[in-house]
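This report describes a protein model together with its ligand. Please look over the sequence and the structure before reading on.

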Amino acid sequence: MKKVGIIMGSDSDLPIVTKATDTLKALEIPFEVHVYSAHRTPVEARDFAVNARKNGFGAIIAAAGMAAHLAGAIAANTTLPVIGIPCKSSNLDGIDALLSTVQMPTGIPVATVAINGGANAALLCAQILAVEDKELAAKLDAKRASDAAKVLEKDAAISASF
Ligand code: RP5
């Protein structure tokens, strides 16, 4: 199976990235995690993206806050799918990172999840990899069914309490 590359702009983004790594672990998807910044270590961020396909990656998650250019900078240097996580790490509550990540110019797409949406970033990677992987697709189907069953249990409990 192809690996997922996870890049975060700072180690202060780790609590959000952990939601992605937990999700990938549960689905038994291999991944690598790095701290590379579009601004502080632009050479390392670029090199990772340029070499990602030949290094066995199938999708990349880029998590960054504030003036979040990481996902766009990674996407500029690879045609692998890039999923951006805008991180809430400033006085602007993550709106700054959301707009910086989502507003990509035509030709260089970044699939942007919700502010702090680490789990959904991992699930989107899984869905991309599952296009060519029936076993992974079955795990995703099972997770959807299990998640729905939990909601219905809550429905029954709440409904019975009134
Ligand atoms: C961004 O700036 C990082 O992704 C992080 O969300 C934010 C703050 O970084 P630190 O000052 O905590 O290292 O580049």
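## The model

The structure is a predicted model.

## The sheet

Five strands form an open sheet, and their order across it is E2-E1-E3-E4-E5. The pairing in this sheet is parallel. Strand E2, residues 31–35, and strand E5, residues 111–112, stand at the edges. Each has a single partner strand, so one side of each is left without a neighbour in the sheet.

Strand E1 covers residues 3–8 and strand E3 covers residues 57–65. These two strands are joined by six bridges and run in the parallel sense. Within this pair, Val-4 has Ala-59 in E3 as its bridge partner.

## Residues around the ligand

Around the ligand are Gly-9, Ser-10, Ser-12, Asp-13, Arg-40, Ala-64, Gly-65, Met-66 and Ser-89. Sorted by class, this shell contains two nonpolar, five polar and two charged residues.

## Polar contacts and cover

Which atoms of the protein lie close enough to oxygen atoms of the ligand to count as polar contacts, with a cut-off of 3.5 Å? For Asp-13, a polar side-chain atom lies 2.6 Å from a ligand oxygen atom. Arg-40 also has a polar side-chain atom at 2.8 Å from an oxygen atom of the ligand. In Gly-65, a polar backbone atom is 3.1 Å from a ligand oxygen atom.

On its own, the ligand has 360 Å² of accessible area, and the protein covers 75% of this area.

Note on methods: Residues numbered from 1 in each chain as written. Predicted model: local features only at pLDDT ≥ 70, side-chain atom pairs only at ≥ 80, totals over all residues. Heavy atoms only, no water. Near = heavy atom within 4 Å. Polar contact = N/O pair within 3.5 Å; in protein donor to acceptor, adjacent residues only side chain to side chain. Areas by Shrake-Rupley, 256 points an atom, 1.4 Å probe, with all protein chains shown as cover. Nonpolar A, V, L, I, M, F, W, Y, C, P; charged D, E, K, R; others polar. Pairing = 2+ DSSP bridges. Helix = DSSP H or I, 4+ residues; strand = E, 2+ residues; numbered from the N terminus.
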